[in-house]
Amino acid sequence: MISSGASAALMDAANEDGPVSTSVPASVLGVGVDAPATLGMFWGIGVGPGPAGYLPLAALDALARADIIYAPRARGVDASVALRCLDGIEIAAHKLRDIEFNMDPDRSVLSAHYAQLADSIADELKAGCNVAYLTIGDSLTYSTYGYVLAALRARLPGLPQRTFPGITSYAAAASALSWPLGEGKERVLILPCPETSEELRREIETHDIVVLMKIGPRLDWVLALLRVMEIDHLCAFARRIGLPGELLCDGVGDMVAEQAMGYLATMLVRRHPRKER
Ligand SMILES: C[S@@+](CC[C@H](N)C(=O)[O-])C[C@H]1O[C@@H](n2cnc3c(N)ncnc32)[C@H](O)[C@@H]1O
């Protein structure tokens, strides 16, 4: 159990007296609006990238009403990052379903994994349970939630569901570093890190700002490229925002790749200095 402040109070009230009423309209939650009486609601919840408290009010309300909460966890990692993002919110342990996430590059292995997961969730929905599925950052931005939702819809046409957006990693990175993501008519590109330095250079040269996600082991040549392009001082880097091991750098000229590397890392690239306004 985790608890603090108003959100914990909200969850406590939900546990004792059933769903709490907040100012969130039922139509936003989908409750009693489009749900056939026999099926539970399915909610996709973006919990933000790490800092506690980055959860929209509607998603908090849905969490309080959920009977079952799926918390994906990357294979080989002890704790679900999605659950860490909910620090300060009390969730009864019996509601939690830990799912180890399989990122196998083999598509048939992946689809078998999603099929199995969707079968279990569909059974719970058919039993009338309200099910929430957590994702880090935003629910539909480079997230496995989209695959789960598609697999569920294929099994339960007319599935009553709502997806709540979350704060993306790059929005949180920009805020943590006070780094504007786009001003005036600046063109912003969001992309998973390409495989080669040449591809990345092309993308940087054709945009004003590039948000680079999924950098992984490519960080050393990414940093080398930014230095060669003489824009390293204009760029910013955020690793594990709001989580243990957080690293925030405004200007990446002095960064050492081996020390900064990590799966949860985002680079904000700017091609020209900010315009005076
Ligand atoms: C599978 S994607 C998930 C994206 C997420 N749905 C979002 O809205 O940001 C994983 C990538 O998100 C970024 N990311 C997620 N959490 C982060 C964090 N706490 N700090 C920095 N980057 C993060 C990294 O670029 C990472 O490689």
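What percentage of the 277 residues of the protein chain count as buried?

Modeller: Of the 277 residues in the protein chain, 36% count as buried. Keep in mind that this is a predicted model. The average pLDDT of the protein chain is 88, and 88% of the residues score at least 70. Residues 1-10 are a stretch to treat with care, with a pLDDT below 50. That stretch still has 18 contacts in the model beyond near neighbours in sequence. Where pLDDT is low, the predicted coordinates should not be read in detail.

Now the chain as a whole. The protein chain holds ten helices and ten strands. Take the contacts between residues at least 6 apart in sequence: 73% of them join residues at least 24 apart.

Next, the core itself. The largest nonpolar core has 72 residues. Within this core, Ile-45, Leu-63 and Ala-132 touch the most other members. Domain 1 (5-167) and domain 2 (170-270) each supply at least three residues to this core. In soluble globular proteins, nonpolar side chains tend to be buried together.

Start at Leu-63. Set aside the neighbours within four places in sequence. Leu-63 is then in contact with Ile-45, Ile-69, Ile-89 and Ala-132. Two of these names, Ile-45 and Ala-132, were already listed among the core members that touch the most others.

Tyr-70 sits in strand S2, which covers residues 68-74. Is Tyr-70 buried or exposed? Tyr-70 counts as buried, because 26 C-beta neighbours lie inside 10 Å, and the cut-off for buried is 20 or more. Not counting residues up to four places away in sequence, Tyr-70 touches Arg-97, Ile-99, Val-131, Ala-132, Tyr-133 and Leu-134. Strand S4 spans 131-135. Strand S3 spans 96-101. Asp-98 is 28 residues from Tyr-70 along the chain, and their C-alpha atoms are separated by 6.2 Å.

Now step to Asp-87. Asp-87 lies in the loop between helix H4 (81-84) and strand S3 (96-101). Asp-87 has 15 other C-beta atoms within 10 Å, so it is partly exposed. Pro-51 is 36 residues away along the chain, yet the two C-alpha atoms are separated by 8.3 Å.

Gly-30 is another loop residue. The loop that holds Gly-30 runs between helix H2 (26-29) and strand S1 (42-46). Gly-30 counts as partly exposed, because it has 18 C-beta neighbours inside 10 Å. Between Gly-30 and Thr-163 there are 9.8 Å, C-alpha to C-alpha, although they are 133 residues apart along the chain.

Turn to the ligand. How many residues surround the ligand? There are 22 of them, and the closest are Gly-137, Asp-138, Thr-141, Ser-169 and Met-213. Strand S8 (236-239) and strand S10 (265-270) are the elements that give two or more residues to this shell. By type, the shell divides into ten nonpolar, eight polar and four charged residues. Where does the ligand lie? Both domain 1 (5-167) and domain 2 (170-270) give residues to the shell, so the ligand lies between them.

Two residues have a backbone angle to note. Tyr-142 belongs to the loop between strand S4 (131-135) and helix H6 (145-155). The phi of Tyr-142 is near 45 degrees, a positive value in a residue other than glycine. Tyr-142 has 16 C-beta neighbours inside 10 Å, so it counts as partly exposed. Arg-240 is in the loop between S8 and strand S9 (247-250). Arg-240 is not a glycine either, and its phi is positive, about 50 degrees. Arg-240 counts as buried, because it has 20 C-beta neighbours inside 10 Å.

Finish at His-272, in the segment after S10. His-272 and Asp-208 are 64 residues apart in sequence, and 7.0 Å separate them in space, C-alpha to C-alpha.

Note on methods:
Residues numbered from 1 in each chain as written. Predicted model: local features only at pLDDT ≥ 70, side-chain atom pairs only at ≥ 80, totals over all residues. Core = buried A, V, L, I, M, F, W, Y, C linked by C-beta atoms within 7 Å. Buried ≥ 20, exposed ≤ 12 C-beta atoms within 10 Å, placed from the backbone. Domains from an automatic or database assignment. Contact = placed C-beta atoms within 7 Å. Helix = DSSP H or I, 4+ residues; strand = E, 2+ residues; numbered from the N terminus. pLDDT = per-residue confidence, 0-100. Near = placed C-beta within 6 Å. Nonpolar A, V, L, I, M, F, W, Y, C, P; charged D, E, K, R; others polar.
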